[in-house]
Amino acid sequence: MSNTARGNSKLLADYGKKVLSNFNAEIDAALTRRQVTSSKIVPLESVYEIYVTGEDEIDLNSIQAILKKQIEAVAKFLRDFHIAINGQRTSIFQLYEVEIQVKQAIKSNLSFSAGKLLVQLPYWQILIFQCYLQNQELKKCWNQGKHLSRKSPIRRIWWWLNPLGEFRYNLRETLFQTGAKQVTNIDKLLSNYKQIDVADEITKKDWQSHAIALLQSTIDEDKLGINVSEICSQQDEETLARLLDLYQQNLTDPSYLETLIDTGINSIKEAISQEKSQINVKMFGFVNVGNYHRIDVELNISPGNLKKYIELVPREVEIRAVFWGFVNIYTVDDVTVNPNIQSSLQIDLETAAFERSLQDLQLI
């Protein structure tokens, strides 16, 4: 790349940082409504980078106005991406950088590899028609998996892995609602604790019993492997209040929720490998064509100690077919992922968050 081209690329990269930083206030407001505290939100320009590359013979300065519009569209996409994942990093398909590549002999295309989204644009299209990939079109292409190879098995189950997809969105919302409900109850307890007279032992014991009752009503002791009443009764009121405060934080920690979601998705993957799919096909005739696809995706991203808080319902598949005649054709695509969250995947956030709180205070 020539010095002039490098200079233009540097100016456009700086413009990208500026545009990204302009969205931070909007992101903070959106995530605050989702009960994500500002301290847990990383500034957009610190997470993502947008830059432009082009061939030496291409004068980027001549199309700078359109390239800036393309940068703005990409920045809006990253803004929406960051809001959708609650300002956290994901273990699957996390974006780090977007390269806008301009070439002469190229078709408009998207591709993704190692955290980088490549947006390829033909120079003539920009120069003559002033065309660029707008935010909504970019989001549509991403959600349809067009940045993945057509031969990739992941593309066929992209709805399941997509960080912006409905499946993961519903999981996030379910966990946030669960956490918010429990946080309200804990707020009342902590407020009552602050009003306790230091010398009032009766009120202290009454408060402690209420705190233990709340925890017992939501914690699954079998999964936790600990008697909640016993361990809480051994703590003084100050320690129990600190435990509740930590528990409250963990219930709404967006990075911890993402970890639980990733664990749930990995658990589905493991269930796929354990499923029993039986195929029994009998065909008679001059021409018989069979085509059975079993789609398994290897992912290994989850901390093992969280798996006990994930419940799912594996599926058994049995296919029996009998054909006769001159031409027999059958096709079966066995995609063993169930989008019904309520029936296929349940995450025990309360118990997982409580165990993490006990560990934070070194009580277990």
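Start your tour at the lining of the largest pocket, which by class has 8 nonpolar, 6 polar and 3 charged residues (Ala, Val, Leu, Ile, Met, Phe, Trp, Tyr, Cys and Pro count as nonpolar, Asp, Glu, Lys and Arg as charged, and the others, Gly among them, as polar). This is a predicted model, where local features need pLDDT of at least 70 and side-chain atom pairs pLDDT 80 or more, while totals for chains, interfaces and linings use all residues. Residues are numbered from 1 along each chain as its sequence is written, and side-chain values use heavy atoms, without hydrogens and water.

Next, select Ser 108, Asn 109, Leu 110, Leu 133 and Cys 141: of the 17 lining residues, these lie nearest the pocket centre. A pocket here is an open set of points on a 1 Å grid over the protein atoms alone, where a 1.4 Å probe fits, with protein on both sides within 12 Å along at least five of seven lines; lining residues have an atom within 4 Å of a point. Now colour β3 (109–113) and β4 (116–122), the elements that give two or more residues to this lining (strands are DSSP runs of E, at least two residues, numbered from the N terminus). β4 gives the most, with 3 residues.

Now for the rings. Show Tyr 48, Phe 77, Phe 81, Phe 93, Phe 112, Trp 142 and Trp 158 together, and you have one aromatic cluster (rings of Phe, Tyr and Trp, its six-membered ring, pair if their centres lie within 6.5 Å).

Finally, pick Lys 68: its charged end sits over the ring of Tyr 15, 4.9 Å from the ring centre. Arg 79 does likewise over Phe 23, at 5.0 Å (NZ of Lys or CZ of Arg within 6 Å of the ring centre and within 35 degrees of the ring normal).

Key: Helix = DSSP H or I, 4+ residues; strand = E, 2+ residues; numbered from the N terminus. Phe/Tyr/Trp six-rings, centres within 6.5 Å; stacked < 30°, edge-to-face > 60°.
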